Amino acid sequence: MAADDGSGPTDGLDTFVRKLQPGRVSESIETRLQRLEDLHEITQLVIDYGEHLDAGNFDAYAALFAADGEVLLGPMGRATGRAEIARFMTEMLADRVGSTFHVISSPRITLDGDTATATVMWSVATLADDGLARVSMVGHHHDDLVRTLGGWRFRRRRGTVDLPATYPV
């Protein structure tokens, strides 16, 4: 590691940050900042996924996927490409808009340049006939992600239901 001679705009800041952190920090502040921005953008992507489903905005939902993206939802079905994804979700969920609320949690994201993988847990609260909300499903997604010109997108999203509904939803 070169000595900090103060010649660059962030050299002094890099040195300061390195002194605050235990062990050696080998990445530049720009690299670390990009990593944090990527993690934040991917976290927002998985949150938007649930919000678009709950709102019934299936075109915006499909736009979260790469052009050739794929969603695999076990026995519920699968779709490839944005148009097919929007059609699939519309057919499956259009009659439930306003009655489901996705809660996204515990994202675990691994970055690898312009690709990433993630595991995310989710729960769905459903408005029941008696007007009360009930947790209807709990599961997780395994995601393959890609950085596109429009930002991070799902390349493939595989959903698994861990605790299925215990009553008709």
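## Ground rules

In this predicted model, local features need pLDDT of at least 70 and side-chain atom pairs count only at pLDDT 80 or more, while totals for chains, interfaces and linings use all residues. Residues are numbered from 1 along each chain as its sequence is written, and side-chain values use heavy atoms, with hydrogens and water left out.

## The sheet

Let's start with the strands (DSSP runs of E, at least two residues, numbered from the N terminus). Six of them form an open sheet with mixed pairing, ordered S2-S1-S6-S5-S4-S3; two strands pair if DSSP finds at least two bridges between them. Strand S2 (78-80) and strand S3 (100-112) are the edges, each pairing on one side only. From one strand to the next, the twist averages 15 degrees.

Strands S4 (residues 115-127) and S5 (residues 133-148) run antiparallel and are joined by 13 bridges. Here Met-121 stands opposite His-140 in S5.

## Helices across the sheet

Helices are DSSP runs of H or I, at least four residues. Helix H2 (residues 29-55) lies across S1 (65-72), S3, S4, S5 and S6 (151-163), at about 155 degrees to S3. Angles run from 0 to 180 degrees between N-to-C directions, with axes fitted to C-alpha atoms, for helices over the stretch in contact (heavy atoms within 4.5 Å). Helix H4 (residues 82-93) lies across S1, S2 and S6, running at about 40 degrees to S1.

## Around Val-71

Val-71 touches residues including Tyr-49, Tyr-61, Phe-65, Ile-85, Phe-88 and Arg-157, not counting residues up to four places away in sequence.
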